Amino acid sequence: MQKQAVEILQKELADDQALLVMSIPNRFYLTGFETSDGYVFITKKKAVFLIDFRYVEKARQTVKSCEVMLSSSPLEEIKGLCDELGVRELFVESEYVSVELFGRLREKTAPIISESNKFDEIIREMRSVKCEKELSLIKQAQKMTDETFNYILGRITEGRTERDIMLDMEFYMRRLGSEGVSFDFIVVSGKNSSLPHGVPTDKKVQKGDFLTMDFGAVVGGYHSDMTRTVAIGEVSQEQKQVYDTVLKAQTEAIKAVRPGVVCKDIDRIARDIIYSAGYEGCFGHGLGHSVGVEIHERPNFNTRCDIILKKGTIMTVEPGIYLENRFGVRIEDMVWVTDDGCIDITESPKELIQL
């Protein structure tokens, strides 16, 4: 799939143009090889992965989409490639390159470096539509996430701390074979659950608490993302009402996901349900985001995103209600956009679980 991605970019380049890719996620997307450094240099007929001594042996064994070149002085080597291949316009990633690096590149390759962001949009569009291989990797990651949720349900007890539960989940997920974690797990209970991105603490879970867990696995460099909120013992009627409202918002939003729909219109469906139930101002984040080689990719389900959904995009749907200093609820699934709707690839139950 990396070779196909490189070939798509090559078709977008003229004979005297080149693209320099240096961001970690885009380098990985084009090579299948994750490193802390390196450059992918692409022209109409040539693709080169410049990588230093630390990684070059493994890269030569792994990378099939580009010629692997040992690099010791990358800017000089990039200038040399431009001269050798007759490059008159060099595109870079405007979303990722720093002002300092752009300045050094411009000094080294002037006057050919372009200020156009043309290829940022092209790569973003490519990454937003997942091929079958990418979908398979994300499904495998989500399967580990579902298994971790099923595991931890049997180990959540009154008196266990948020941090202890989080560590238990992470260790179990790694034992399943996850390459790491999609992000730092969010495991928050009671008053802490009103914090959408709260950090696990030494607070002990108690009867009457909601416990929100937001977590995911990584397989083949691709991520999963899921949130579940469970109750510790009996909870109040108000808590149940909030939970049911969030679940309804998510259910109705998922029903509306299909190709051709504008992203902000999906967000509006869930937001209208939450606001009409009396919780306006208590759902302050977007409804969801795409997922892939990064945990947060575009497009987004929010109030501003005008992007039209395409078949093959994977999106999270994660409405929430947060009552400040009291409690919060979030429910999150990942859905895959199909020809005429979507498939929910998250299998964990969503009905309120009372432990």
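Modeller: At 0% relative accessibility, I78 counts as buried. This is a predicted model, where local features need pLDDT of at least 70 and side-chain atom pairs count only at pLDDT 80 or more, while totals for chains, interfaces and linings use all residues. Residues are numbered from 1 along each chain as its sequence is written, and side-chain values use heavy atoms, with hydrogens and water left out.

Biologist: Why is I78 called buried?

Modeller: Buried means under 20% relative accessible area, exposed means over 50%, and partly exposed is in between (1.4 Å probe, protein chains only). I78 has 0%, so it counts as buried.

Biologist: Where is I78 placed, and which residues is I78 in contact with?

Modeller: I78 is placed in helix 4, residues 74-85. Helices (H or I, at least four residues) and strands (E, at least two) are DSSP runs, numbered from the N terminus. Contact means heavy atoms within 4.5 Å. Leaving aside neighbours within four places in sequence, I78 is in contact with L20, Y39, F41, L50 and L90. I78 and L50 are 28 residues apart in sequence, and their C-alpha atoms are 8.8 Å apart in space.

Biologist: Is Q10 buried or exposed?

Modeller: Q10 has a relative accessible area of 14%. That is under 20%, so Q10 is buried. Q10 lies in helix 1, residues 2-12. Among the residues that Q10 touches are I42, T43 and K44.

Biologist: How do you know how many disulfides the structure holds?

Modeller: A disulfide is a covalent bond between the sulfur atoms of two cysteines. The test is a pair of cysteine sulfur atoms within 2.5 Å. The structure holds zero disulfides. Take C82: the closest cysteine sulfur is in C66, 15 Å away, so that is too far for a bond.

Biologist: What makes C82 and C282 buried?

Modeller: C82 has a relative accessible area of 2%, so it is buried. C282 is at 17%, and therefore counts as buried too.

Biologist: What makes strand 4 and strand 5 edge strands?

Modeller: Two strands pair if DSSP finds at least two bridges between them. An open sheet of five strands has the order 4-3-2-1-5, with mixed pairing. Strand 4 (67-70) and strand 5 (89-91) each pair on one side only. The twist averages 25° from one strand to the next. Axes are lines fitted to C-alpha atoms, for helices over the stretch in contact, and angles run from 0 to 180 degrees between N-to-C directions.

Biologist: How do you know that strand 3 and strand 4 pair?

Modeller: Four bridges join strand 3 (residues 47-51) to strand 4, in the parallel sense. The definition asks for at least two bridges, so the strands pair. I51 has L70 in strand 4 as its bridge partner. Helix 3 (residues 53-62) packs on this sheet and touches strand 3 and strand 4. The direction of helix 3 makes about 155° with that of strand 4.

Biologist: What about the sheet with the order 6-7-10?

Modeller: That open sheet has three strands, with antiparallel pairing. Strand 6 (186-189) and strand 10 (226-231) each have a single partner strand, so one side of each is left without a neighbour in the sheet. Strand 7 (residues 210-215) is joined to strand 10 by six bridges. Helix 7 (residues 132-153) lies across strand 7 and strand 10, at about 15° to strand 10.

Biologist: Which peptide bond is cis?

Modeller: The one from R298 to P299, with omega near 15°. P299 lies in strand 12.
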